[in-house]
Amino acid sequence: MKIWFVMLVLFLSVAGLCLFDGIYTTKVFNKLEKESEYIYKTLLTEDVGNENIKTKIENLNEYWTKKMDILCVSISRKDLQPVSDYLQYLYTSTINNSQDEAITYSRLLHYNIEGLRENIGINAINLL
């Protein structure tokens with residue numbers, strides 16, 4: 001009887017961790033995808049020197065830095081590294097006031113976030 005109780009507690013713990021991880025990952029990637037798309041579309045129409053867009057990029061960078069450590073529990077750091085790299089390149093392009101580089105890196109950032117989300121998310125292809 002004691003063994004069943006221990007197995008039940010262990011099962012519930014693992015299931016709870018999986019549920020938390022799935023919800024957390026989905027929430028983080030939803031925000032990242034929304035913000036990166038906004039940044040890309042804004043850079044197509046506005047100058048990179050705009051303070052609003054610089055603030056958005058800085059906030060996204062800070063958000064990613066905080067959330068990446070927790071995401072590394074279930075996702076390889078190697079898979080998350082391109083997002084960090086493109087965020088840093090994008091941030092640097094705003095410092096250098098390089099419109100072309102900012103557009104390029106914002107598009108690459110958005111593309112990588114979409115790819116990670118599709119690769120990690122729960123869908124029919126991943127279940128196969």
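## Helices α3 and α4

Helix α3 (residues 77-95) packs against α4 at an angle of about 160°, and the two axes lie 9 Å apart. This is a predicted model. Angles over 145 degrees count as roughly antiparallel, and α3 and α4 are therefore roughly antiparallel to each other. The crossing of α3 past α4 is left-handed.

On the α3 side, the contact involves Asp79, Leu80, Pro82, Val83, Tyr86, Leu87, Tyr89, Leu90 and Ser93. These meet Glu101, Ala102, Tyr105, Ser106, Leu108, Leu109, Asn112, Ile113 and Leu116 in α4. By class, the residues of the contact of α3 with α4 are 13 nonpolar, three polar and two charged.

## Helices α1 and α4

Helix α4 also packs against α1, at an angle of about 155° and with the axes 9 Å apart. That angle makes α1 roughly antiparallel to α4. Here too the crossing is left-handed, with α1 passing α4.

From α1, the contact is made by Thr25, Phe29, Asn30, Leu32, Glu33, Ser36, Glu37, Ile39, Tyr40, Leu43 and Leu44. The α4 residues are Gln99, Ala102, Ile103, Ser106, Arg107, Leu109, His110, Ile113, Glu114, Leu116, Arg117 and Ile120. Twelve nonpolar, six polar and five charged residues make up the contact of α1 with α4.

## Helices α1 and α2

A further partner of α1 is helix α2 (residues 51-71), which packs against α1 at an angle of about 160° with the axes 11 Å apart. The two helices, α1 and α2, are therefore roughly antiparallel to each other. Helix α1 passes α2 in a left-handed crossing. The contact of α1 with α2 has 14 nonpolar, four polar and five charged residues.

## The largest pocket

The largest pocket has a volume of about 310 Å³. Two elements give two or more residues to the lining of this pocket: α1 (2-45) and α4 (99-120). Of the elements, α1 gives the most to the lining, with seven residues.

In total, 15 residues line the largest pocket, and Asp21, Gly22, Thr25, Ile120 and Gly121 lie nearest its centre.

Notes
Residues are numbered from 1 along each chain as its sequence is written. This is a predicted model: local features need pLDDT of at least 70, side-chain atom pairs count only at pLDDT 80 or more; totals for chains, interfaces and linings use all residues. Side-chain values use heavy atoms; hydrogens and water are left out. On a 1 Å grid over the protein atoms alone, a cavity is a set of points where a 1.4 Å probe fits but cannot get out, and a pocket is an open set with protein on both sides within 12 Å along at least five of seven lines; lining residues have an atom within 4 Å of a point. Grid points are joined across faces, edges and corners, and a volume is the space filled by probe spheres set on the points. Helices (H or I, at least four residues) and strands (E, at least two) are DSSP runs, numbered from the N terminus. Axes are lines fitted to C-alpha atoms, for helices over the stretch in contact, and angles run from 0 to 180 degrees between N-to-C directions. Angles under 35 degrees count as roughly parallel, over 145 as roughly antiparallel, 65 to 115 as roughly perpendicular and the rest as oblique. A crossing is left-handed if the near helix is turned anticlockwise from the far one by less than a right angle, and right-handed if clockwise. Contact means heavy atoms within 4.5 Å. Ala, Val, Leu, Ile, Met, Phe, Trp, Tyr, Cys and Pro count as nonpolar, Asp, Glu, Lys and Arg as charged, and the others, Gly among them, as polar.
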